[in-house]
Amino acid sequence: MSFDLVLFGGTGDLTWRKLMPALFQAWRHGKLPADGRILAVARDERDDAGYRDWLHERLQAAESAKRPSDEEYTRFAQRVHYLRMDLSQPADYAQLKAWLGSRSTPGGADTVVMYLATSPHLFPVICEQLGASGLNGERVRVVLEKPLGHDLASAQAINRAVGAVFTERQALRIDHYLGKPSVQNLMALRFGNALFEPLWRRESIAHIQITLAESLGVGTRGDFYDRTGALRDMVQNHALQLLTMIAMEPPSSADADAIRDEKLKVLRALKPFTRESVGRDVVRGQYRAGMCGGHPVPGYLEEVKVPPDSHCETFVALRTEVENWRWAGVPFYLRTGKRLTARDAQIVVNFRPVPHQIFPGASVPNRLVIKLQPEDGLELQLLAQKGSGHGEQLTPVTLDLDFDKAFATQRVGAYERLLLEAIAGRLNLFVRSDEQEQAWRWVEPILQHWAADPVGPRPYNAGTWGPSAASAMQSAGEPSTATAGVTPSANVVL
């Protein structure tokens with residue numbers, strides 16, 4: 001299979017931090033089709049050799065296990081090319097078309113992937129110019145990097161511009177969380193095994209927590225982050241995609257549209273927010289100076305390029321429900337934030353207690369912990385009798401499956417998987433436009449409420465789990481799920 005992958009924004013952070021390292025790993029693993037070319041596009045004056053040298057320097061910053069040797073990079077770099085382009089100039093797209101047609105084999109590549117690793121405001125311009133240049137044929141796919149819009153109206157405008165040039169099956173909206181191996185195992189866990197599906201409903205499950213916690217701050221991205229915030233950056237896409245995969249009904253097949261149809265039904269069934277429920281069920285916060293990893297760190301307002309009076313949220317916790325027969329009355333708690341205690345992404349399914357307790361002492365409900373990062377695996381927390389005497393209390397025990405160890409030789413990174421899926425034309429791991437717009441529709445009442453709220457986010461110290469109001473929100477409606485004998489990250493509740 002032959003392919004041409006064009007990276008618009010070829011000198012941007014996303015390209016050299018994520019995309020090029022992922023492509024190198026795919027090449028190293030023997031997964032990148034042999035007859036493929038990679039073209040980086042940017043405004044800088046460079047030639048192929050200059051770009052390859054520039055990229056080589058940046059790939060040396062990768063962790064040692066993923067860093068290419070000089071010999072490896074020389075071989076990989078033979079696939080990498082560079083083209084200077086002004087993305088608003090039709091003549092430059094003519095040069096791109098000529099480069100794509102320069103293959104020695106007639107007819108060009110089997111697949112052409114246009115990856116838009118640029119600011120979203122450039123998406124309509126790029127797509128319009130690609131269409132005008134005839135670079136939107138059936139072999140062409142366009143990958144759209146998040147954030148896809150700033151609100152529902154801007155997302156719909158981008159989708160209209162893209163849809164005027166490309167069909168829905170040609171437009172791949174990327175969410176890198178969907179490429180994580182542990183997220184893929186959500187589908188296998190639910191629909192490849194008979195064990196959990198009979199319990200996967202309101203009669204057996206008390207509540208579900210989704211946590212996407214980061215210990216890092218905004219770093220040098222303060223200007224971007226201040227225009228975005230945690231709700232747009234993490235909840236509207238990553239957290240809601242995880243929620244849909246947890247809550248969706250079994251699809252009729254593994255076909256992309258069958259899966260995405262079921263995810264859309266979940267988004268449409270989410271309990272809509274009102275002015276009153278935003279104040280009750282949503283907590284936003286902003287980190288202040290504190291200690292992370294044993295070192296003092298600045299507060300958000302002291303970060304580079306952050307306005308001193310910013311009301312941008314760096315933390316969001318919310319409570320919602322899926323209003324259908326399977327999930328009616330089951331709370332879903334979503335939490336994400338920066339400068340929290342640890343980097344920890346996980347989904348915790350809290351089962352209901354047994355209906356009649358025959359053992360002495362407090363009953364601890366079973367829990368299923370789906371670990372997304374930094375570890376990748378499953379924990380099923382059960383109760384067992386430690387001793388053999390009469391009246392012994394039950395003790396929590398854990399069945400722990402470490403995917404990193406179990407599948408060490410087969411595991412691939414999220415961007416590596418998604419890039420290979422885009423080249424192959426498999427759509428299962430990409431978001432459809434109606435999914436994306438429905439997610440914006442659901443979060444918009446929160447954005448509107450915050451825009452009219454003069455108080456702003458609640459402060460929390462860096463190195464903590466966010467504002468205390470987030471924990472109080474759950475404890476007001478649910479018994480605590482904190483237990484002895486579980487990992488500290490799984491012990492944290494909203």
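**View 1. Burial and surface of the protein chain.** Of the 494 residues of the protein chain, 53% count as buried, where buried means under 20% relative accessible area with a 1.4 Å probe and protein chains only. This is a predicted model, in which local features need pLDDT of at least 70 and side-chain atom pairs count only at pLDDT 80 or more, whereas totals for chains, interfaces and linings use all residues. Residues are numbered from 1 along each chain as its sequence is written, and side-chain values use heavy atoms, with hydrogens and water left out.

**View 2. Fold and dimensions of the protein chain.** The protein chain contains 15 helices and 17 strands, which are DSSP runs (helices H or I, at least four residues; strands E, at least two) numbered from the N terminus. Its radius of gyration, taken over C-alpha atoms, is 24 Å, close to the 23 Å that the globule rule (2.2 Å times the number of residues to the power 0.38) gives for 494 residues, so the protein chain is as compact as a globular protein of that length. The C-alpha trace spans about 80 × 50 × 45 Å along its principal axes.

**View 3. The surroundings of Val 316.** Val 316 lies in strand β11, which covers residues 315-320, and at 1% relative accessibility Val 316 counts as buried. Leaving aside residues up to four places away in sequence, Val 316 touches several residues, including Ala 230, Leu 231, Val 282, Leu 334 and Trp 450, a contact being heavy atoms within 4.5 Å.

**View 4. Val 316 and Leu 419.** These two residues, Val 316 and Leu 419, are 103 residues apart in sequence, and their C-alpha atoms are 30 Å apart in space.

Note on methods: Buried < 20%, exposed > 50% of the residue type's maximum accessible area, 1.4 Å probe, protein only.
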